[in-house]
Amino acid sequence: MINLTLEILRRNAPDDSPHWESYDYSTQDENANVATALTELNHTLKNPVRWECSCLQKKCGACAMVINNRPRLACDTPLKDFKDSVKIEPLRKFPVIADLIVDRSILFENLKIMKLWFGEDAKTNGSQTAYEASRCLQCGCCLEICPNFFAGGDFSGMAAMIPAARLLTALPESQKKEIFKAYQKHVYEGCGKSLACRNVCPAGIEIDKLLVHSNAVAVWKRKFKHDK
Ligand code: SF4
Ligand code: SF4
Ligand code: FES
């Protein structure tokens, strides 16, 4: 049996002051996770907690939030990890829309600025780098933990480096050059390389390896055997 107090940082609208609310939650399901708890809790509330989810299988990134001060996916955070209580907040690097829902559009705007938005004609060559990069959920957990990222700043973080790694592997040489300058400005120059982001990535992406690869291609202009 799991018995927990869920402490949730709530607000009804973007301009509201946030406030903590506590809810008792129990379940006999030893495999229950934070997404389960939020779903079941909402069945009992007049003013349900707003939060996002889609796949519930750690594949879409929609349920990213700060859980006990760590950015995590609600659907991949077992309740049995916690004793007595758990604190649940929205990601802090993005504007809050309501409760646990944030506006992560900056993440996609940054991809557009860096010309990393996958066009219909973008093809990958099936390399290990492209495969690893394709696992990015665009959840924003790496941005949440990064001391150098803030919305609207020049540094776009690992959520932009990962798609860059994919395209730097997949695109023909002539098209890669378009990305080099943007990569230097929006990724390379801003990253302190502490790799705190690697430890929170819920997809377990080998961020360090992709970063080394992308820096080598985009900044040092090295070619890798499997690149086109
Ligand atoms: S690199 Fe990991 S933490 Fe960052 S957006 Fe992609 S999946 Fe999320
Ligand atoms: S390595 Fe450090 S500075 Fe670079 S993106 Fe990750 S957390 Fe941010
Ligand atoms: S709901 Fe898709 S990752 Fe959690």
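Author: A residue is buried if 20 or more other C-beta atoms, placed from the backbone, lie within 10 Å of its own, exposed if 12 or fewer, and partly exposed in between. This is a predicted model, in which local features need pLDDT of at least 70, side-chain atom pairs count only at pLDDT 80 or more, and totals for chains, interfaces and linings use all residues. Residues are numbered from 1 along each chain as its sequence is written, while chains are lettered from A and ligands numbered from 1 in the order in which they are written.

Reader: What makes Ser 105 and Lys 112 exposed residues of H2?

Author: Each has 12 or fewer other C-beta atoms within 10 Å of its own. Ser 105 and Lys 112 lie on the face of H2 turned away from its buried side. Helices (H or I, at least four residues) and strands (E, at least two) are DSSP runs, numbered from the N terminus; H2 spans residues 105-113.

Reader: Which residues of H2 are buried, and why are they said to be on the same side?

Author: Ile 106, Leu 107, Asn 110 and Leu 111 are buried. They cover an arc (that of the directions from the helix axis to the C-beta atoms) of only 145° around the axis, which puts them on the same side of H2.

Reader: How do you know that E3 and E4 pair?

Author: Two strands pair if DSSP finds at least two bridges between them. Four bridges join E3 (residues 64-67) to E4 (residues 70-73), and the two run antiparallel. One of the bridges links Val 66 to Pro 71.
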